[in-house]
Amino acid sequence: MAPVVETFTPSGSPTPIGPYSHIAKAGEQITIGGVGGIDPKSGLIAGDDVFSQTRQILSSFDHLLRSVGSDLNHIVHIHVYLKEMSDFEEMNRAYVEMIGDHRPARTVIGARELSKPAFRVLMNLTAVTA
């Protein structure tokens, strides 16, 4: 029997900008859809630079993962979409600061247009429960 897929957006999370939930969970597998650098308290983009936006995205991921019994150390794979590949080093600097020594699989793609014009970076991930 296939596991039930639960979908939700926990309180204290940025509001999705479209008709979707941030989290889909099936058994121990967790998928978090595209998250941009929106500060959930203010509803504003965390900054106009990729470093600030990357930190905010990973902070949002931490909140979302903890809401379903996981954390950043249980990420299996992250997809990163950069508006400008020249932002790669600054994204990496924030990424290492937030992720620490954990090294999940990762894909980085240059994407000229993201879901909001002010986004410099957008990420989604797959993780497992802790």
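Let's start with Ile78: leaving out residues up to four places away in sequence, Ile78 touches Leu58, Tyr95, Ile99, Ala105, Arg106, Thr107, Met123, Asn124 and Leu125, where a contact means heavy atoms within 4.5 Å. This is a predicted model, where local features need pLDDT of at least 70, side-chain atom pairs count only at pLDDT 80 or more, and totals for chains, interfaces and linings use all residues. Residues are numbered from 1 along each chain as its sequence is written, and side-chain values use heavy atoms, with hydrogens and water left out.

**Nonpolar cores**
- A nonpolar core is a set of buried Ala, Val, Leu, Ile, Met, Phe, Trp, Tyr and Cys residues joined through side-chain atoms within 4.5 Å, and buried means under 20% relative accessible area (1.4 Å probe, protein chains only).
- The largest nonpolar core has 23 residues, and Ile32, Phe61, Leu65, Ile78, Met123 and Leu125 touch the most other members.
- H1 gives the most to this core, with 6 residues.
- Apart from it lies another core, of 5 residues, including Ile38, Ala111, Phe119 and Leu122.

**Helix H1**
- H1 covers residues 50-66 and reaches 24 Å from first C-alpha to last, close to the 24 Å expected at 1.5 Å a residue.
- Among the buried residues of H1 are Val50, Phe51, Leu58 and Phe61.
- Their cover includes strands S2 (23-26) and S3 (29-36), plus helix H2 (88-99).

**Charges over rings**
- The charged end of Arg93 sits over the ring of Phe51, 4.0 Å from its centre; the cut-offs are NZ of Lys or CZ of Arg within 6 Å of the ring centre and within 35 degrees of the ring normal.
- Arg106 lies over the face of Tyr95, 4.5 Å from the ring centre.

Conventions:
Helix = DSSP H or I, 4+ residues; strand = E, 2+ residues; numbered from the N terminus. Expected span 1.5 Å × (residues − 1). Buried < 20%, exposed > 50% of the residue type's maximum accessible area, 1.4 Å probe, protein only.
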